[in-house]
Amino acid sequence: MTSTTAVQIPGYVAGTWDIDAAHSTVGFSVRHMMVSKVRGYFTEFSGELVTAEDPARSSVTATIDMDSIDTRQEQRDAHIRSADFFDVGNHTVMTFRSTRVVADGDDWSVEGDLTIKGITKPVTLRLEVNGFGPDAYGGTRAGFSAKTSISRKAFGVDIDMPMDGGGVVVGDKIDIELEIEAVLRTA
């Protein structure tokens, strides 16, 4: 005999949601000079989440404006926008489109295709559902946290800047952290 257990998420609301960029963060960190991590953010992004009646059938699509990078140092940001890194003149956006949502204990995994510089690779986001609830404007909001790590070289961001004595100026592993607040669409 086979039985299935429905996944319960307190306050869960099925529907279509728009990412509220003013209350969300798309951030990353990367090893710098082999001794520390530099953090950065993208300030312009949008996306749509669809929470299905069965949470495992949910989906997300997102677009990030590559020109909106902010590492709190304009000279570095200009270099990252250049052909050495993101080549923003030819690749203006980064996109993510989910392909599968999987329950993982109390949390979730969102598998999908990430495209940077025209190169698409599968990634898995470790997702935490933070909650669903009313907002001050009569609407409904949802919150999510997600993390993943990628290789920048796998996406064509393959500049090598070796340091004297070994190591590199910029590491290959990029840690991505998302704090997403979304607003339920009304009819």
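Phe28 is buried, and Phe42 is buried as well. I start with these two residues, and before I go on, please keep in mind that this is a predicted model.

The rings of Phe28 and Phe42 have centres 5.7 Å apart and planes at 40 degrees, so this pair is tilted. Where do the two residues lie? Phe28 is in strand β2, residues 25-32, and Phe42 is in strand β3, residues 36-42, so the pair ties together parts that are 14 residues apart in sequence.

Phe42 also has a ring pair with Phe86. Here the centres are 6.1 Å apart and the planes are at 35 degrees, so the pair of Phe42 and Phe86 is tilted. Phe42 belongs to strand β3, while Phe86 sits in the loop between α1 (74-81) and β7 (93-104), so this contact ties together parts that are 44 residues apart in sequence. On accessibility, Phe42 has a relative value of 7% and counts as buried. Phe86 is buried too, with a relative accessible area of 12%. The cut-off for buried is under 20%.

How many aromatic pairs does a search of the whole structure find? The search finds 5. Elsewhere, ring pairs link a cluster made of Tyr12, Trp17, Phe132 and Phe144.

Now the charged side chains. A search of the whole structure finds 10 salt bridges. I will go through some of them.

One is between Asp18 and Arg185, whose side chains meet at 2.8 Å, N to O. Asp18 lies in strand β1, residues 15-19, and Arg185 in the segment after β11 (170-184), so the bridge ties together parts that are 167 residues apart in sequence. Buried or exposed, or in between? Asp18, at 29% relative accessibility, counts as partly exposed. Arg185 is partly exposed as well, with a relative accessible area of 40%.

The next residue to look at is Arg141.

For Arg141 the relative accessible area is 18%, which is buried. Glu181, with 23%, is partly exposed. Salt bridges with shared partners join Asp20, Asp135, Arg141 and Glu181 into one network.

Last, two points on the backbone. Arg72 has a phi near 70 degrees, a positive value in a residue other than glycine. Arg72 is placed in the loop between β6 (69-70) and α1. At 77% relative accessibility, Arg72 counts as exposed.

Asp87 likewise has a positive phi, near 50 degrees, and is a residue other than glycine. Asp87 is in the loop between α1 and β7. At 17% relative accessibility, Asp87 counts as buried.

How values were computed: Residues numbered from 1 in each chain as written. Predicted model: local features only at pLDDT ≥ 70, side-chain atom pairs only at ≥ 80, totals over all residues. Heavy atoms only, no water. Phe/Tyr/Trp six-rings, centres within 6.5 Å; stacked < 30°, edge-to-face > 60°. Helix = DSSP H or I, 4+ residues; strand = E, 2+ residues; numbered from the N terminus. Buried < 20%, exposed > 50% of the residue type's maximum accessible area, 1.4 Å probe, protein only. Salt bridge = Lys/Arg side-chain N within 4 Å of Asp/Glu carboxyl O.
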